[in-house]
Every structure is written in structure tokens, then in C-alpha cells.
Amino acid sequence: VFDKKLGFGCLRLPHHGDDASDVDVEQMKEMVDLFLERGFRYFDTAYSYLDYKSELFVREALTGRHPREAFVLTTKLPCLELTPDDSPEKLQGMVKEQLQKCGVDYFDFYLVHSLNAERFETVQKLHIFENLCELKAKGKIRHIGFSFHDKPDVLERILAAHDWEFAQIQLNYLDWELQDARRQYELIEQKGIQCTIMEPVRGGMLATLTPEAVDCFQQANPNVSTASWAIRYAASLPNVLTVLSGMTNFDHVTDNVATMEAFRPLSQQEREVIDHAL
């Protein structure tokens, strides 16, 4: 459990020009430093993010500049890189490569990336969970989980298969009903583990709403951003470990940190404002 439920997502980093993998590392360093200075610690990356470079940028901006105890680092095993014919050695080699790229001795949280029904079959055939447990026993991983993109019945099957320690789902006030995020959240809660939230602002969509929706939020509180409502919606759920935000510039960090530094859950009146805006 974290005092401050905001995570720094390392997929949508600041970049030069139109090439998303041409990251502005100097701006990223400033963003990382502010995030840490304000008491936030959770960073989320993945093997395949930003043309397989995100973990290297994390090393340059974070792990190579700050003591290991100052941050919590999460990354992900890419199921798309694996086939049912692969070996446990390939899996362990990938984790070793990720540790080297990130410049750390262990990952605090490690996820099997983007599970759906088809990819879970590969995970089972390769005994990936059991292999990750071996890496955990060696101190390379501290907590094992998965991120998920499929229907609730598939999630229920995945949760029942192993003693996962956490799960990551897409959840926001639009997808709560639209993509049945409510049911996914409830299944994870029933399993007795916590969840991390991705896409709380739905890739920025919930920060750039219609003028009528923005007006609803502004009338309720003119002193906060539209995006802050979405971040607080996800963070208000009691079984949430952290809410990930992909921050592409310094202003995004400033706004998110201000929202979550003295976090208070949404009131019933504020929930009604969101319902009205929808």
C-alpha cells in the first residue's frame, strides 16, 4: 500500500518532434525529479514500450540518478515475444536483459504483459508463472502480477489459475460500464489482491472533453483540471494500489502531483457531477 496512489507511466514520455521514441531525456529527468521530490515513488515501464527503448530511458532518467530505495520499479514480460515452443531459458534471459537495461538488481513489481485468452494459453504452456516464482525466490522479482485486456470471464479464469499478487486493468469513469471495468475490478477484489489502474484518463481523452462536459466540471470546481476528475475517480476505489498516468510533459506531472498529493476520495456530490458530465 502506498501513501500516494499515483504512478509514473513510461509509455507516453516527452519527445522531440513526431517520433515518440525520440525521448526528451532532459525534460524526463526534470519530471522524474519533481515526482520523487513530492513523495511519489511508483514507475511503470515495459519491455516493448517506445520501440523497446523505454527501459533504457528509465535507466538514464531514474535508476542511474537516484538511490534504489527511492523508487518502486515495475516492468512487464512481453507475451507477444514468446511462442509456445520457447524455453524457460528464453524467459529468464529476457528478465535478465530487462534488469540490465533498467540498471537494477530486482524489480519491485513484474507483470505478464497484456494478457488475453490466447496469450494466456502460451503463458500456461510455458509455465511462465512458475518460472517467475523461481526468479522471485532468487530475489529478482518481488511481486508477480499481470496486465489484462479481455472480457471478465477470461479475467476470472486467469485469476483462478495462480496465486497472483496483483493485477492491472484499464479503468476510468467511461469504461466503468462501457467496457465492464466494474466487473473486472470486482473480480480482482474478490480474489483478495489489489489492482493497479492504467488509462485512468483514457489516453488523454478524458482530459479533452466536449465544451458542455468541461463546463460541468468547471462549475463544480474551477480550480482543478478536467483530467484531475478522472485520476481521482480511479484512485477513490478502495482496492487500488496505484493509478498510472502517462505524463508527456512537465505540466502533466505538476497537475497530477497537485491532484494526488493531498488526495481525497470523490464525494457523492462529485460523483454526480461526473454522471452529469457523461
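Q: How do helix 11 and helix 13 cross, and what makes helix 11 oblique to helix 13?
A: This is a predicted model. In it, the axes of helix 11 and helix 13 (residues 268–277) cross at roughly 120° and come within 12 Å. Roughly perpendicular covers 65 to 115 degrees, and roughly antiparallel needs an angle over 145.

Q: Is the crossing of helix 11 and helix 13 left-handed or right-handed?
A: Helix 11 and helix 13 make a left-handed crossing. The word is used because the near helix is turned anticlockwise from the far one by less than a right angle.

Q: Which residues make the contact of helix 11 with helix 13?
A: Helix 11 brings W229, R232 and Y233. Helix 13 brings E270, R271, V273 and I274. To count as a contact, heavy atoms must lie within 4.5 Å.

Q: What classes of residue are found in that contact of helix 11 with helix 13?
A: There are 4 nonpolar and 3 charged residues, and no polar ones. Trp and Tyr count as nonpolar, and Arg and Glu as charged.

Q: Why is helix 7 called roughly parallel to helix 9?
A: Helix 7 (residues 152–161) packs on helix 9 (residues 181–191) at an angle of about 15°, and their axes are 9 Å apart. Angles under 35 degrees count as roughly parallel. Helix 7 and helix 9 are therefore roughly parallel.

Q: Is the crossing of helix 7 and helix 9 left-handed or right-handed?
A: Helix 7 passes helix 9 in a right-handed crossing. P152, L155, E156, L159 and A160 of helix 7 meet R183, Q184, L187, I188 and K191 of helix 9. By class, the contact has 6 nonpolar, 1 polar and 3 charged residues.

Q: What makes helix 1 roughly parallel to helix 12?
A: Helix 1 (residues 25–37) and helix 12 (residues 250–261) pack at about 10°, with axes 9 Å apart. The cut-off is again under 35 degrees. Helix 1 is therefore roughly parallel to helix 12. On helix 1, the contact uses Q27, E30, M31, L34 and F35. On helix 12, it uses F250, V253, T254 and V257. These residues divide into 6 nonpolar, 2 polar and 1 charged.

Q: How do you know that the structure has a cavity, and how many of 30 Å³ or more are there?
A: A search of the whole structure finds 1 cavity of 30 Å³ or more. About 40 Å³ of space lies in the largest cavity. The name cavity is used because a 1.4 Å probe fits there but cannot get out.

Q: What lines the largest cavity?
A: The lining is L82, D86, S87, P88, L91, L126, I128 and N131. Helix 4 (88–102) and helix 6 (128–137) each give two or more of these residues. By class, the lining has 5 nonpolar, 2 polar and 1 charged residues.

Q: What volume does the largest pocket have, and which residues lie nearest its centre?
A: The largest pocket has a volume of about 540 Å³. A pocket is an open set of points, unlike a cavity, because a probe cannot get out of a cavity. The pocket is lined by 30 residues, and R12, E199, G203, S245 and G246 lie nearest its centre. Helix 12 gives the largest share of the lining, 4 residues. By class, the lining divides into 11 nonpolar, 13 polar and 6 charged residues.

Q: Which residues line the second largest pocket?
A: F148, H149, D150, K151, Q170, L178, Q179, D180 and Q184 line this pocket. The second largest pocket has a volume of about 160 Å³. Its lining has 2 nonpolar, 4 polar and 3 charged residues.

Definitions and conventions:
Residues numbered from 1 in each chain as written. Predicted model: local features only at pLDDT ≥ 70, side-chain atom pairs only at ≥ 80, totals over all residues. Heavy atoms only, no water. Axes fitted to C-alpha atoms, helices over the stretch in contact; angles between N-to-C directions. 1 Å grid on protein atoms, 1.4 Å probe; cavity = no way out; pocket = protein on both sides within 12 Å on 5 of 7 lines; lining within 4 Å. Points joined across faces, edges and corners; volume = space filled by probe spheres on them.
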